[in-house]
Amino acid sequence: MAAIEMAVNGQQREFETEGERSLLEVLREDFGLTGTKYGCGEGACRACTVLVDGKAVQSCITKVEALRGKRIETIESLATDGKLHPVQKAFLEEEAMQCGYCVPGMIMTTVGLLRSNGSPSTEQIIEGLNGNICRCCGYTNLLKAAQRACGRSKA
Ligand code: FES
Ligand code: FES
């Protein structure tokens, strides 16, 4: 067992667990944060994207033992005081979801992109979301939503 302490959505967490467990498993099964989705479980779809110290990572392949002292943000952290985060609003406004399974990962990737670059170009947005897989193939509206969120939409 490993003793882990990390901040999750602004709340300090101290717990003991097998250090080999994935962050995704701990978030969903121990903390009940099921907004982060399990897609492939092997780092290939980014459905499980969360932010670690402000950077987008695939939580399914990130072991909790590597996260001592880190700051984790999940999709549940975005809305505040009952108001959606601007990136969430952009995805709703562009109706960028069919089943919606990929959307938390898409949104967290977009938030991470905006943290590192406040005004990404369309090419940078496409590059940033490259690797986020949508099994419904809703890429047109997903890209529009990310563009809107990044201030690139003509709408
Ligand atoms: S579930 Fe993590 S990358 Fe697919
Ligand atoms: S909307 Fe269904 S996986 Fe993307």
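## Fold and dimensions

From the N terminus on, the elements of the protein chain follow the order β-β-α-β-β-β-α-α-α-α, giving 5 helices and 5 strands; helices (H or I, at least four residues) and strands (E, at least two) are DSSP runs, numbered from the N terminus. The radius of gyration, taken over C-alpha atoms, is 15 Å, close to the 15 Å that the globule rule gives for 155 residues, so the chain is as compact as a globular protein of that length. The globule rule is 2.2 Å times the number of residues to the power 0.38. Along its principal axes, the C-alpha trace spans about 50 × 30 × 25 Å.

## Basis of the values

This is a predicted model, in which local features need pLDDT of at least 70 and side-chain atom pairs count only at pLDDT 80 or more, while totals for chains, interfaces and linings use all residues. Residues are numbered from 1 along each chain as its sequence is written, and side-chain values use heavy atoms, with hydrogens and water left out.

## Burial and contacts

Of the 155 residues in the protein chain, 43% are buried, meaning under 20% relative accessible area, against over 50% for exposed and in between for partly exposed (1.4 Å probe, protein chains only). Among contacts (heavy atoms within 4.5 Å) between residues at least 6 apart in sequence, 58% join residues at least 24 apart.

## Cysteines

Cysteine 102 counts as buried at 10% relative accessibility, whereas cysteine 136 is partly exposed at 27%. The count of disulfides is 0, a disulfide being a pair of cysteine sulfur atoms within 2.5 Å.

Notes:
Chains lettered and ligands numbered in written order.
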